[in-house]
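Me: I'm about to look at a structure that is new to me, and I'd like to go through it with you. Could you start with the terms?

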Amino acid sequence: GTMNTNYFYISTDGGTTWSNPLMPFDSEGRTTQVEVSPDDPDLVYIGVYPDGSNQFAGVLVQKYVHSTGNITSISNPTQVFSHQIPGAWDFRMEVNPADADHIIYGNVRGVETKDGGTTWVKFNNLHADYHDIKWQNTTSGTKLWLADDGGVAYTVDGGSSWTAFPNIPVLQPAFNASSGDGSVYLVGSQDAGNQFKINGNYYFV
């Protein structure tokens, strides 16, 4: 398709009017995300997914400063591209609500930066294919939740260890079979192993 640099819109009056600054990179045919952290609401990150032909050249994350209108490029999270890019359905970018310099950018695997995109490191997680990332403040500390093809898990130590919730029906069922009375199900899931359901509970096998 033709190059698209007109995909970023801004409203300061609740959506009555919009401005449309031109962006330095092309988003044609690619998923785009906008992220703002309450830690610095003047700062907006705009991320795009690599294009469908697995081309990683060019800028993938931009930084927009609302008070000045400046748009700058930040270094690409290139470590994430050691894996084949399967499709834009598993692209997520999330900014820490308590730290505007802390970004996680994930697709098959993930990377993170804690200095606003100057440097990136690989992010440790349990399963491939990111679908959602959320931080949660609790009375005992901060949890980081990750939804992926393997289900849902959270970490309280930045990804060094995870608490997973595998006994739930996860994404992408491919094949299934059941007992005659429907009390037992066996489900094979793309990229997520096999599960069976018995007495109302799901188990990985």
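Reply: Helices (H or I, at least four residues) and strands (E, at least two) are DSSP runs, numbered from the N terminus. This is a predicted model, where local features need pLDDT of at least 70, side-chain atom pairs count only at pLDDT 80 or more, and totals for chains, interfaces and linings use all residues. Residues are numbered from 1 along each chain as its sequence is written, and side-chain values use heavy atoms, with hydrogens and water left out.

Me: Where is D101 found?

Reply: D101 is in strand β6, which covers residues 99-106. With a relative accessible area of 34%, D101 is partly exposed (buried means under 20%, exposed over 50%, partly exposed in between, with a 1.4 Å probe and protein chains only).

Me: Switching topic, how many aromatic pairs does a search of the whole structure find?

Reply: The search finds three, where rings of Phe, Tyr and Trp (its six-membered ring) pair if their centres lie within 6.5 Å, and planes under 30 degrees apart count as stacked, over 60 as edge-to-face and the rest as tilted. One of them joins F8 and Y64 edge-to-face, at 5.4 Å centre to centre with 75° between the planes.

Me: Which parts does that pair tie together?

Reply: F8 lies in the segment before β1 (32-36) and Y64 in strand β3 (residues 61-65), so the pair links parts that are 56 residues apart in sequence. Both F8 and Y64 are buried.

Me: And what about W145 and Y154?

Reply: W145 and Y154 form a tilted pair, 4.9 Å centre to centre and 45° between the planes. W145 is partly exposed at 25% relative accessible area, whereas Y154 is buried at 16%.
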